[in-house]
Amino acid sequence: MHPMLNTAIKAARRGAAIINRASFDLDRIKVTEKQHNDFVTEVDQAAEAAIIDVLKKAYPDHAFLAEESGASTNLHVDNENVWIIDPLDGTTNFIHGFPQYCVSIGLQHRGQMTQAVVYDPTRNELFTATKGAGAYLNDKRIRVTKRDKMADALIGTGFPFRDMSGMDEYMQMFRVITERCAGLRRPGAAALDLAYVAAGRLDGFFEKGLKPWDMAAGSLLITEAGGIMGTFSGDSDYLFKGDAIAGTPKIFAQMITLLSPFAK
């Protein structure tokens with residue numbers, strides 16, 4: 001195992017330990033609404049601090065881009081190594097006791113994702129990937145499905161909960177995909193949805209308005225599992241553009257055809 005991946009796993013487990021302890025007493029957690037339907041808890045913040053602490057001790061010169069604390073002071077265009085972190089993806093699920101959330105940690109080296117960890121503490125499922133070395137779930141190699149027809153595909157998505165002005169467009173996309181696939185699911189944690197595509201539990205995924213920390217680790221899992229990820233136009237700049245489609249090669253191509261009219 002790559003030493004940086006090993007450190008990322010240690011950091012993810014440290015953050016997850018805080019999340020697990022808090023999950024036993026949800027009523028006592030302080031919740032703040034950042035914007036409409038976008039919540040942060042003291043658990044998010046504590047988990048993020050613990051994750052960054054582990055990574056900083058191992059790699060003090062690395063930069064960070066994290067959901068709650070934002071960019072580290074040393075983050076600039078010349079950084080060779082940037083850790084992209086979501087300490088608790090699926091916060092709304094977490095505060096309701098709905099067991100669909102995760103820790104997501106990705107390392108970007110010279111502009112490319114090279115290490116990925118998505119950890120689901122409720123199921124003790126550890127999704128990992130190193131660029132060029134494949135994707136794994138609890139040390140077992142994973143691959144995207146061989147499904148090649150949209151009519152047979154199970155697709156994941158997410159609602160535009162931050163900006164409700166996009167709901168009309170989303171409902172159009174919802175209808176376009178629903179009419180052509182076997183089923184559409186919205187579990188509420190994009191990083192875990194992407195991990196599920198990599199593991200073959202979903203055949204494809206699409207969402208608009210995502211942040212880099214929602215996609216960083218999951219994107220590497222998908223490509224290392226044999227899948228494809230891109231924007232609604234099929235381009236590769238999804239990480240900072242925020243609109244993403246992922247899937248098996250053939251499902252991805254069919255989703256691009258269906259969703260490209262909604263590209264920005």
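Is Asn124 buried, exposed or partly exposed? Asn124 is partly exposed, with a relative accessible area of 43%; buried stands for under 20% relative accessible area, exposed for over 50%, and partly exposed for what lies in between (1.4 Å probe, protein chains only).

The structure is a predicted model, in which local features need pLDDT of at least 70 and side-chain atom pairs count only at pLDDT 80 or more, while totals for chains, interfaces and linings use all residues. Residues are numbered from 1 along each chain as its sequence is written, and side-chain values use heavy atoms, with hydrogens and water left out.

## Backbone at two loop residues

Asn124 is placed in the loop between β7 and β8 (125–130). Helices (H or I, at least four residues) and strands (E, at least two) are DSSP runs, numbered from the N terminus. The phi of Asn124 is near 55°, a positive value in a residue other than glycine. Asp139, which is not a glycine either, has a positive phi of about 75°. Its place is the loop between β9 (135–137) and β10 (140–142), and Asp139 is exposed, with a relative accessible area of 68%. As background, most residues other than glycine have a negative phi.

## Salt bridges

A salt bridge is counted where a side-chain nitrogen of Lys or Arg lies within 4 Å of a carboxyl oxygen of Asp or Glu. By this rule the count comes to nine salt bridges. The table gives three of them.

| Pair | Closest N and O atoms |
|---|---|
| Asp53 and Lys57 | 3.4 Å |
| Glu80 and Arg110 | 2.9 Å |
| Lys208 and Glu169 | 3.3 Å |

Asp53 and Lys57 are four residues apart in helix α2 (residues 42–58), and are therefore separated by about one helical turn. Asp53 counts as partly exposed at 31% relative accessibility, and Lys57 as exposed at 65%.

Glu80 forms a salt bridge with Arg110. Because Glu80 lies in the loop between β4 (70–71) and β5 (81–89) and Arg110 in the loop between β6 (102–109) and β7 (112–120), this pair ties together parts that are 30 residues apart in sequence. Glu80 is partly exposed at 39% relative accessibility, whereas Arg110 is exposed at 60%.

Lys208 forms a salt bridge with Glu169. This pair links distant parts of the chain, 39 residues apart: Lys208 is in the loop between β13 (204–207) and α6 (212–224), and Glu169 is in helix α4 (residues 167–178). Lys208 is buried, with a relative accessible area of 16%, while Glu169 is partly exposed at 29%. Elsewhere, salt bridges that share partners join Arg175, Glu179 and Arg180 into one network.

## Packing of two helices

Two packed helices are described by the angle between their axes and the distance between the axes. Axes are lines fitted to C-alpha atoms, for helices over the stretch in contact, and angles run from 0 to 180 degrees between N-to-C directions. Helix α5 (residues 190–199) packs with α6 at an angle of about 0°, their axes being 8 Å apart. The two helices are therefore roughly parallel to each other, a term for angles under 35 degrees.

Contact means heavy atoms within 4.5 Å. On the α5 side, Ala190, Ala191, Leu194, Ala195, Val197 and Ala198 take part, and they meet Asp214, Met215, Gly218, Ser219, Leu221 and Ile222 in α6. The residues of this contact divide into nine nonpolar, two polar and one charged. In this grouping Ala, Val, Leu, Ile, Met, Phe, Trp, Tyr, Cys and Pro count as nonpolar, Asp, Glu, Lys and Arg as charged, and the others, Gly among them, as polar.

## Nonpolar cores

A nonpolar core is a set of buried Ala, Val, Leu, Ile, Met, Phe, Trp, Tyr and Cys residues joined through side-chain atoms within 4.5 Å. The largest has 39 residues, and those with the most contacts inside it are Ile84, Val118, Phe127, Met215, Leu221 and Met229. Helix α5 supplies the largest share of this core, eight residues. Apart from it lies another core of 32 residues, among them Met4, Ala8, Ile9 and Ala16.

Leaving aside neighbours within four places in sequence, the contacts of Phe127 include Val118, Tyr136, Ala195 and Leu221.

Ala129 is found in strand β8 and is buried, with a relative accessible area of 1%. With neighbours within four places in sequence again left aside, Ala129 is in contact with residues including Leu5, Ala116, Leu220 and Leu221.

Definitions and conventions:
Angles under 35 degrees count as roughly parallel, over 145 as roughly antiparallel, 65 to 115 as roughly perpendicular and the rest as oblique.
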